[in-house]
Amino acid sequence: MDIRGKAALVTGAASGLGRATARELVAAGAHVVLLDLESSDGRRVAEELGAGAAGRVRFAAADVTDSDQVAAAVKAATELGELRALVHCAGRGGPVRVVEKDGTPGSMERFQGVVQTNLIGTFNVLRHAAAAMVALDDLPDGERGACVLTASVAAWEGQIGQLPYAASKAGVVGMTLVAARDLARNHVRVNTIAPGLFDTPILSRVPEQVRDRLAASIPHPARLGDPEDFASLAAHILANPMLNGETIRLDGAIRMAPR
């Protein structure tokens, strides 16, 4: 798929993986809507990425779990051009154990909150974006659109305390092939990237010695993933018509330990 002159929706676009992906797509000539929370730096990032882009970048404040807000963001994207691409990066974590160290049951509220954002939010964004794509005509290459979701290596190797995060990301992995099969008749592809340890704002709050230890645990390259690594893969998935229904680990061959 040639994204030049087409619209793309990127969620979680105010920072980290989403911001790098939005920058990559703008550089490739796409019209990009940055979806993130109202409290995020989304407006500033849109101004930064839109400098010199002739109105091709717009910020849409939205919570990915809110149907009306996501629908409005998708509409904003369709106003910039034909919505042909989605890269969904928005997500969150939150520690929960089955039984906490003090012997109390793990928090149902925290568990539901993480699953609501990471799994329900993914489906909410995917359904709205895909509905806009299937209404379009095929491009010359026979495609109507492509969607990239975000899981995590925690879907397979969740660590102690990552119960809701691992469960929600495993749900995204499970959703991928089914969604791809569902949308195949409409010529819309669905793939997922499962990042390992990446240098995102979450890890920026971790002490330097801990970051160094995490980087050293990655076989090769022995460094934290750069958001640009994610963005590069996302752009390739959008461009490569034979990638469909696949979850791709992007992790430097790491396999996470229990803790």
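Arginine 144 counts as buried, because its relative accessibility is 18% and buried means under 20% relative accessible area (1.4 Å probe, protein chains only; exposed is over 50%, partly exposed in between). The model is predicted, so that local features need pLDDT of at least 70 and side-chain atom pairs count only at pLDDT 80 or more, while totals for chains, interfaces and linings use all residues. Residues are numbered from 1 along each chain as its sequence is written, and side-chain values use heavy atoms, with hydrogens and water left out.

Arginine 144 lies in the loop between H4 and E5; helices (H or I, at least four residues) and strands (E, at least two) are DSSP runs numbered from the N terminus. Beyond its neighbours within four places in sequence, arginine 144 has contacts that include Leu83, Asp137, Asp138 and His187, contact being heavy atoms within 4.5 Å.

The strands form an open sheet of seven in the order E3-E2-E1-E4-E5-E6-E7, with parallel pairing; two strands pair if DSSP finds at least two bridges between them. E3 (57-61) and E7 stand at the edges with a single partner strand each, so one side of each lacks a neighbour in the sheet. Three bridges join E4 (residues 83-88) to E5, and alanine 85 stands opposite alanine 146 in E5.

Helix H6 (residues 163-183) has 21 residues. Among its buried residues are Pro164, Val172, Met175 and Leu183. The elements covering the buried residues of H6 include helix H4 (108-134), strand E5 (145-150) and strand E6 (188-195).

Key:
The expected span of a helix is 1.5 Å times one less than its number of residues.
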